[in-house]
2 protein chains.
Amino acid sequence: MNRPYNFSAGPAAIPEEVLEQAAGEMLDWHGSGMSVMEMSHRGKEFIAICEQAESDLRELLAIPPEFKVLFMQGGGIAENAIVPLNLSHAGTVDVVVTGSWSQKSRKEAAKYAAEVHTAASGEESHFTTLPDPKTWQLSRGASYVHICSNETIHGVEFHELPDLKALGSDAPLVVDFSSHVASRPVDWSRVGLAFGGAQKNLGPAGVTLVVVREDLIGHALPICPSAFDYKNVPTPTRATTRRPPGASTWPG
Amino acid sequence: MNRPYNFSAGPAAIPEEVLEQAAGEMLDWHGSGMSVMEMSHRGKEFIAICEQAESDLRELLAIPPEFKVLFMQGGGIAENAIVPLNLSHAGTVDVVVTGSWSQKSRKEAAKYAAEVHTAASGEESHFTTLPDPKTWQLSRGASYVHICSNETIHGVEFHELPDLKALGSDAPLVVDFSSHVASRPVDWSRVGLAFGGAQKNLGPAGVTLVVVREDLIGHALPICPSAFDYKNVPTPTRATTRRPPGASTWPG
């Protein structure tokens, strides 16, 4: 077997020992007699796997307790809509445009916010430089400020997250950190919400990580799909307790 | 190893030979030197896997060529919103309520349709009987008619899909067939769109199957998240040709 060097900007290489463990547990996870893929999502085995994943991630990224860790679906592209559906209050959203991904985020936010304001843009330099935060034109009363902390296509990266408070804004900072999450510490005191597809730095494609400060949950627009309202996303704790009325067993 | 009999109403058992093959290919898929989870989603290996999955499913379910097969995310719960976002035209939607799942669908559709009309309901019998299609009160000009063809919680099942044309309606039929897809033939001449989470009858959780007649694609509401507009969902053919402007390699 010849494992190539994989510099893919898309799905990342996975350590061989992880793949070996997954292969070894494929027919029988820890004596359960089942593959992880066959388990009830409400059973104690799978809940334990979820809890472990959340706890490992909290430790690795030093996520403070006032943040919820949500495992979602749809990737960063879906979060471009899900974030304004949950956080925009149909008000003004500030976007710092530093490349292709934040351009997409700006366009998508315009479907849900009353106004999407470009607080700064690297368009003039063809996205070869990062606008100095001191020059950003932040709106008064914005629902949030969006940045993409690493633009894979145009190649500019924030080495440090902006301190919005010091820039005179009370808005929460939303960070798309898909392509460099877990490669550096995150200063959570500056963050309201951070999201990223798992497939670049965390694991296989299929899961989207959302880390969101608790006070930002519960304000979704009425048109937000129930499945993507942050307050409905099951976490290990919530999964064991929620059961719809009338359900004699778990629902589905 | 002791593999139990698994009658789970949630994630279904997977044949041992499938699990064995997945385990055997975990570190090196067909000599590529990579796990499927590490492959570029735009590479020839993964495109071939997608094509095979679509083609196998088309054969198994006898899906006619005028239907697109979409592999999406979010499960049936998300489709309860994604269907009206794509098909309702913000008009009237008819729902036949036969249990907990179609109740959920009705509630979610009300976020996007001008009117959600209960064309029939089994509520009076506590969802122990299926209202005879001849008694359904179908709306004139409805955007679509929704049914759940198998209600796992309340336990009623359509043995035959309704013939809306014979009932005097020109609306496309939308079928949530999550819990009995691939257990019986589907009369596609009666269907506009059918959806189902993969985890019950098709494979592991994480993928949602949407089979949709081509003429129903391309009419999404402006508030539909781009990621869930059926016209944007990549299919094996589309995945090889789409590349955003300015992308020197594939985007992510």
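Strand β4 of chain B is largely enclosed by the rest of the structure, because five of its five residues are buried (buried means under 20% relative accessible area, exposed over 50%, partly exposed in between, with a 1.4 Å probe and protein chains only). This is a predicted model, where local features need pLDDT of at least 70, side-chain atom pairs count only at pLDDT 80 or more, and totals for chains, interfaces and linings use all residues. Residues are numbered from 1 along each chain as its sequence is written, chains are lettered from A and ligands numbered from 1 in the order in which they are written, and side-chain values use heavy atoms, with hydrogens and water left out.

- Helices (H or I, at least four residues) and strands (E, at least two) here are DSSP runs, numbered from the N terminus.
- β2(B) and β4(B) run parallel and are joined by three bridges, with V145(B) as the bridge partner of D94(B).
- With β5(B), β4(B) pairs in the parallel sense over four bridges, and C148(B) stands opposite D176(B) there.

**The whole sheet**

- β4(B) belongs to an open, mixed sheet of seven strands in chain B, ordered β1-β7-β6-β5-β4-β2-β3 (two strands pair if DSSP finds at least two bridges between them).
- The edges are β1 (67-72) and β3 (115-121) of chain B, each pairing on one side only.
- From one strand to the next, the twist averages 20 degrees.

- Helix α3 (residues 75-87) of chain B lies across β1, β4 (144-148), β5 (173-176), β6 (193-197) and β7, at about 155 degrees to β6(B).
- Helix α4 (residues 100-109) of chain B packs on the sheet too, touching β2 (92-97), β3, β4 and β5, and its direction makes about 165 degrees with that of β2(B).
- Axes for these angles are lines fitted to C-alpha atoms, for helices over the stretch in contact (heavy atoms within 4.5 Å), and angles run from 0 to 180 degrees between N-to-C directions.

**How the two chains are related**

**The interface**

- Chain B gives 59 residues to the contact and chain A gives 58 residues.
- The copies meet through the same surface, because 98% of the interface residues of chain B are also interface residues in chain A.
- About 4500 Å² is buried between chain B and chain A, 63% of it on carbon and sulfur atoms (buried area is the accessible area, with a 1.4 Å probe, that two parts lose on being put together, summed over both).
- In chain B, L27(B), M37(B) and E38(B) lose the most area to chain A, together 14% of what that side buries.
- Two salt bridges cross the interface (a side-chain nitrogen of Lys or Arg within 4 Å of a carboxyl oxygen of Asp or Glu).
- E38(B) also meets R3(A) in a salt bridge, at 2.9 Å from N to O.
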